[in-house]
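Subject: Structure handover

Hi,

Here is the structure I promised. Please open it alongside this note, and my findings follow below.

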Amino acid sequence: MPVDDLIHQPTRLQLIAALAALSVDTEVEFTYLRDLLRLTDGNLATHLSRLEEAGYVRLRKTFVGRKPRTYVALTPRGRLAFAEYRATLERLLAGRWPTSSSTEVSDSSDQTGDGKGRSDR
Amino acid sequence: MHPEEAAAALSTISETERAVRRASLRWTLAPTLVTWGIVWIAGYLGSLVLEPSRGTTLWTVLVAAGIAIPFGTNTWYGRRVRSPFGRKLALSWMVAMFYLFLWSFLLFPRDPILASFFLVTAIMAGYVLMGIWLTRPLAVIGGFVTTVALLGYLAGPLAFVLAVGLAGGGALVLGGLWLWRSA
């Protein structure tokens with residue numbers, strides 16, 4: 001069973017972990033995530049877009065007065081994918097998973113599997 | 001994947017979870033603790049030096065500030081993090097406070113020290129319970145202030161006012177500042 005590459009990327013991992021740390025059905029403002037994780041608007045938007053395409057997060061755009069606001073929430077699918085990803089890592093560390101290619105990331109487009117691909121912030 | 005990489009990813013998850021928790025405490029609990037600490041210090045010490053009618057006015061103003069300031073900071077944070085759990089927790093506190101004030105006035109109408117002791121210890125029971133469920137420092141603060149209030153009450157009215165005003169209020173301020181700085 002491969003590790004979910006979409007979550008494994010460090011910035012997206014932080015994003016999903018932050019959303020999963022909040023109670024179910026919580027949605028957070030775009031700027032909250034940006035400030036908490038110290039990201040730029042563009043970087044955050046790019047990663048959120050990829051997570052939204054995968055159905056892991058839901059974006060809701062609204063207006064408060066004339067100011068646009070974007071809220072982000074983890075979907076049930078995203079929560080499940082994160083739980084499975086975390087469980088896989090814990091199994092690996094507990095020695096219940098071989099360190100061979102069976103735990104390679106599912107998509108090597110931005111991951112090398114040796115940690116070098118974990119810097120595309 | 002190497003175990004080192006898995007460990008690094010799990011560490012990232014833990015650090016992020018801590019950051020989320022700290023941000024929540026910083027913008028919700030810390031301002032509440034500092035505000036009510038100041039309210040207690042000013043209210044109890046002020047009631048020692050002011051005439052009773054002015055003391056009542058002082059407490060009215062301070063309690064209004066004690067409700068308004070945390071309401072403002074929590075509302076600001078609640079707009080950034082919209083949580084059904086957070087709304088229910090805030091509503092539960094408001095309901096509990098309403099009943100506590102009601103009971104203290106009905107049960108101890110002619111004994112302000114006993115009414116105050118009842119209110120302080122009941123609120124601190126809430127802190128201890130929240131400490132058990134949410135964050136341990138709250139349980140420590142709740143336990144400390146309860147002990148101080150009890151000792152002060154047993155020692156007499158003046159000791160109670162000084163103990164809750166200085167030690168109790170001071171503990172709330174310091175606890176709030178500690179939560180703010182550690183966030």
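In what order do the four strands of the open sheet run? The order is S2(A)-S3(A)-S1(A)-S1(B), with antiparallel pairing. Keep in mind that this is a predicted model.

**The sheet**

Two strands sit at the edges: S2 (57–64) of chain A and S1 (81–82) of chain B. Each of them pairs on one side only. The link between the chains is made by S1 of chain A, residues 27–29, which pairs with S1(B) in the antiparallel sense over two bridges. A:Val28 has B:Val81 as its bridge partner. A:Glu27 stands opposite B:Arg82.

A helix crosses here as well. H3 of chain A (residues 30–37) lies across S1 and S3 (67–74) of chain A, together with S1 of chain B. H3(A) runs at about 75° to S1(A).

**The interface**

The contact between the chains involves 27 residues of chain A and 21 residues of chain B. On the chain A side, the elements giving two or more residues are H2 (10–21), S1, H3 and H5 (76–93). H2(A) gives the most, with six residues. By type, the chain A side divides into 14 nonpolar, eight polar and five charged residues.

**Chain B overall**

Chain B has seven helices and one strand. From the N terminus, the order is α-α-α-β-α-α-α-α. The C-alpha trace spans about 70 × 30 × 25 Å along its principal axes. Of the 183 residues in chain B, 29% are buried. Take the contacts in chain B between residues at least 6 apart in sequence: 58% of these join residues at least 24 apart.

Start with H4(B), residues 84–107. At 1.5 Å a residue, its 24 residues should span 34 Å; the end C-alpha atoms are 34 Å apart, so the two values agree. This helix is hardly covered, and the count of buried residues in it is one.

Then go to B:Ala30, in H2 of chain B (residues 29–49). Is B:Ala30 buried or exposed? It is buried, because 23 other C-beta atoms lie within 10 Å, and the cut-off for that is 20 or more. Setting aside neighbours within four places in sequence, B:Ala30 is in contact with B:Leu25, B:Gly176, B:Leu179 and B:Trp180. B:Glu51 is 21 residues away along the chain from B:Ala30, and their C-alpha atoms are separated by 32 Å.

**The cores**

The largest nonpolar core has 31 residues. Within it, A:Ile7, A:Ile16, A:Leu19 and A:Val57 touch the most other members. The largest share, seven residues, comes from H2(A).

Best wishes

Notes: Residues are numbered from 1 along each chain as its sequence is written. Chains are lettered from A and ligands numbered from 1 in the order in which they are written. This is a predicted model: local features need pLDDT of at least 70, side-chain atom pairs count only at pLDDT 80 or more; totals for chains, interfaces and linings use all residues. A residue is buried if 20 or more other C-beta atoms lie within 10 Å of its own, exposed if 12 or fewer, and partly exposed in between; C-beta atoms are placed from the backbone. Two residues are in contact if their C-beta atoms, placed from the backbone, lie within 7 Å. Two strands pair if DSSP finds at least two bridges between them. Axes are lines fitted to C-alpha atoms, for helices over the stretch in contact, and angles run from 0 to 180 degrees between N-to-C directions. The expected span of a helix is 1.5 Å times one less than its number of residues. Ala, Val, Leu, Ile, Met, Phe, Trp, Tyr, Cys and Pro count as nonpolar, Asp, Glu, Lys and Arg as charged, and the others, Gly among them, as polar. A nonpolar core is a set of buried Ala, Val, Leu, Ile, Met, Phe, Trp, Tyr and Cys residues joined through C-beta atoms within 7 Å.
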